[in-house]
Amino acid sequence: MQCPFCGHSETSVLESRVAEDGSSLRRRRECQKCSKRFTTWERVEGPTLFVVKRDGSRQPFDREKIVTGTIKSFDKRPVSIDLIRQLADEVEREVRRKEVSEISSKAVGKMVLKRLKNIDKVTWLRFASVYFELNDVAEFEKLIEKISA
């Protein structure tokens, strides 16, 4: 494991812990050269799963895209990064439970929306506006009515 501070390749593991959901392993490490500490995460990589985009292209599933997409929606909202990562973990688990080799980006977006609705309605609206490709105020008004109901 390479140190993120100095780039040295020799580190020692100080502590290992299984994450709450049991799907990953957290390790605290210390660099042998600069003595700085950092955390790494290990998770089991299942079979390659592809996401089919709206234009028909395919790309490997990447949970970090869920994290970055929702971070944009949560901008200036009182939500922790841990909650965002938990949401991404839940979506990834749901996708992998389906035991398919491909899933549409639309299906992944629906999974994210379902969880956002229970966390923060403003964030849900922001994410939904991109997901549904809203173009005018009337469409926003319909979406606001939908979430208010």
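Q: Which are the buried residues of helix H4?
A: Start from the general idea: an α-helix has 3.6 residues a turn, so residues three or four places apart point the same way. In this predicted model, H4 covers residues 121-131, and its buried residues are Thr-123, Trp-124, Leu-125, Phe-127, Ala-128, Ser-129 and Tyr-131.

Q: What do the buried residues of H4 pack against?
A: Their partners are three helices: H1 (63-73), H3 (105-119) and H5 (137-148).

Q: What is found at the start of H4, and what follows the helix?
A: At the start, a side-chain oxygen of Asp-120 comes within 3.2 Å of the backbone nitrogen of Val-122. After H4 comes Glu-133, with a positive phi near 55 degrees.

Q: Why does Arg-126 count as partly exposed?
A: Relative accessibility decides the label: buried means under 20%, and exposed means over 50%. Arg-126, a residue of H4, counts as partly exposed because its relative accessibility is 32%.

Q: Which residues does Arg-126 contact, leaving aside neighbours within four places in sequence?
A: Arg-126 is in contact with Ser-73, Phe-74, Asp-75 and Arg-77. With Asp-75, a polar atom of the Arg-126 side chain lies 2.6 Å from the backbone oxygen.

Q: Is Asp-89 buried or exposed?
A: Asp-89, in helix H2 (residues 81-97), is buried, with a relative accessible area of 14%. The side chain of Asp-89 is joined to that of Arg-63 by a polar contact of 2.6 Å.

Key: Residues are numbered from 1 along each chain as its sequence is written. This is a predicted model: local features need pLDDT of at least 70, side-chain atom pairs count only at pLDDT 80 or more; totals for chains, interfaces and linings use all residues. Side-chain values use heavy atoms; hydrogens and water are left out. Buried means under 20% relative accessible area, exposed over 50%, partly exposed in between (1.4 Å probe, protein chains only). Helices (H or I, at least four residues) and strands (E, at least two) are DSSP runs, numbered from the N terminus. Contact means heavy atoms within 4.5 Å. A polar contact is a pair of N or O atoms within 3.5 Å; within protein, one must be able to donate a hydrogen and the other to accept it, and residues adjacent in sequence count only if both atoms are side-chain atoms.
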